[in-house]
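Here is a short report on one structure.

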Amino acid sequence: MKTKNYKLRINNLKAEIGNREIIKGISLKISSGEIHAIMGPNGSGKSTFAQILMGNPAYASKSGEVEIGSKNILHLKPEERAREGLFLAFQNPLSIPGVSVANFLKTAYQSLHSPKTKDQRLKTNANPALSVWDFNEKLVKDADYLSLPREFLKRSVNEDFSGGEKKKLEMLQALVLKPKFAIFDEIDTGLDIDALKVVAQGIVRLQKEGAGLLIITHYSRLLKFVRPDFIHILMDGKIVKSGGSELAALLEKKGYAAIKSH
Amino acid sequence: MPQSNPINTSYPLGFHEPEKYFFKSEKGLSEKVIENISWHKKEPEWMRKFRLDALKIFYSKTLPTWGGELGKINFNNIYYYIKPTNKKAVSWETLPEEIKRTYDRIGIPEAEKKYLGGVSAQYESEVVYKSIQKTLGKKGVIFLDMDSGLREYPELVKQYFGTLIPPHDNKFAALNSAAWSGGSFIYVPKGVRVELPLQAYFRINAANMGQFERTLIIADEGSFVHYVEGCTAPIYSTDSLHSAVVEIFVKKGARVRYTTIQNWSTNVYNLVTKRMRVEEDGVGEWIDGNLGSKLTMKYPSVYLMGKGARGEILSIAYAGPGQHQDAGGKAIHFAPYTTSKITSKSVSVGGGRTSYRGLLQVFQSAKGSKSKVVCDALLIDDASRSDTYPTMDIKQNNTQIEHEATVSKIGDEQLFYLMSRGLSKADAEAMIVNGFIEPIVKELPLEYAVELNRLIQLEMEGSVG
């Protein structure tokens, strides 16, 4: 399924917490169907970068541009960014006691694809609304795709989930909600090899469906199963190096310290 | 409107000739006012005396010094009895905008809206009510408004009325005993199971909406009944005081579930005394949802009188700006091997205040009893408040008591997570709140559960702005 071609363009993005600059001017361009990976050591600003892209209000002080198409979304609310087609798979997903996975996803899907007002419908390029029946069918199919049992859909969102289950739920959300651009923040941590393969399979499917993808990771483990088109090395709030998948091999061999001087 | 409506007959003269018998008691309380109520209802002498004695008790009792702020109630500025026909005086046009808007948004039908707004005393459900009456009648089940109950079954009423919650129980029980009007009267014979919930909704009439409803339920041995009262739509009332009394008798091996969802307009003091007496192997269950009102003080109780009796209380309280919900439950174990469980969930938003107030009492005579109390509070913002006042009085060592209490606040990260999935802040908060109360909501009849979730959605949108 090929969809339209979109561009996520990040231009000179800066952000600070307190008076300390953490993101020091990141520029990046991602097109539909591309996979980009951002790698970097702990504390390099990877997660902050992801949170700012999605609009976490905790990071209020920021400058630069983040555009989907020609629209600057940097000052939009998180839900508005989501409606523009952005998705973030959280590194530490939060639990919502008493709300089932199925109900949560149905509500989210409706929020994104069946906007309440006509005005919103005109503004967004939402996927067509699905009937409850069709939605459930699709949900079950996507859960099957990730080898998640039906029971999983009835459990409360992330409540008493194992690390692996949480990451799989993030992937399930990405598959069901159909974003134009998805950011995966350390989706590979805490996964055993089977789960890692399942998650990688999900990423590849999203790519095939035409989404642009940004994978944030600490290790090159996931990149054995998903071949990124571009790899960017983030250190101290800046992209210090960009290249093809050969960069991952170099990292594996020499570590981050060697990259900067390389 | 058919003249044969059984409800009308509870106001034998007044209903058909409204002009001649138009009656509105003078403002405030007096012996004369109480006498008038009794006279208009053509009550037996014992009830007249019961009312007058209760009035004396009301005068002699002071306001409770605990709970909420009651000092502003002006007992002399209230009409204690308004003949139902007079309620039609409220017109749809004069209802407050916010009430009308909420009705619209919940999407309830026009007729029901008017009824809830106190505009119309009658409603199409009469037909439904009649057919239910017929089916119940065959099994010997009595389901009437309290006034009709007293008129048609005076001996049965006299045997139980005011015996579980006597007028001297508390000041508001005394007030209700003196001024009561409307409410439900239910009797379920031995071994009869009423499979469909009995809803006050089907028995709709003006009396049902009274300020001082009085409900009496008697479930004879081995019977079962589920009674549902109230609705989630806000009930507009020009009266500032609602003070009901509910007495329930659960005989040996019987089971009664009583579900209430109430959403009074925010000018109302809602002060209600509810009690169940549960005999051997009986089960008594309260599901009590409180939204709206200015102040609610309500602690449904189970008195576990017979060996092996069980009581369960599920309570939800939701306090928005300017509201105080002082709610909870009481379980009193008199007999051995009795069990009780109290689960309370409260939500405070926009400066609203909730309090859990509970009593657990286990007498020496209640060996081998078990009780579990769980109260969870959810705060939506820093301006809101929640307190817990649990009282335990355990006289028997051979018991198993558990008590858990949690207070949580909706986290910014939790909200961000949901908003990143396309939910607005209000939708995200409503989802968290609905998830929080879900363990209780799933016990409600489906249509109530759906309405309650929707209402919370609306409330959140309103309070977030």
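In β2(A), Leu8(A) has Ile30(A) as its bridge partner. This is a predicted model: local features need pLDDT of at least 70, side-chain atom pairs count only at pLDDT 80 or more, and totals for chains, interfaces and linings use all residues. Residues are numbered from 1 along each chain as its sequence is written, while chains are lettered from A and ligands numbered from 1 in the order in which they are written.

**Sheet of chain A**

Strand β1 (residues 7–17) of chain A runs antiparallel to β2(A), joined by nine bridges. Strands are DSSP runs of E with at least two residues, helices runs of H or I with at least four, numbered from the N terminus. Two strands pair if DSSP finds at least two bridges between them. Four strands of chain A make an open, antiparallel sheet, ordered β2-β1-β4-β5. Its edges are β2 (20–31) and β5 (71–72) of chain A, each pairing on one side only.

Contact means C-beta atoms, placed from the backbone, within 7 Å.

Chain B is divided into domain 1 (8–298) and domain 2 (415–465); the bounds come from an automatic or database domain assignment. Their contact takes eleven residues from domain 1 of chain B and ten residues from domain 2 of chain B.

| Side | Nonpolar | Polar | Charged |
|---|---|---|---|
| Domain 1 of chain B, touching domain 2 of chain B | six residues | four residues | one residue |

Ala, Val, Leu, Ile, Met, Phe, Trp, Tyr, Cys and Pro count as nonpolar, Asp, Glu, Lys and Arg as charged, and the others, Gly among them, as polar.

Methods: Contact = placed C-beta atoms within 7 Å.
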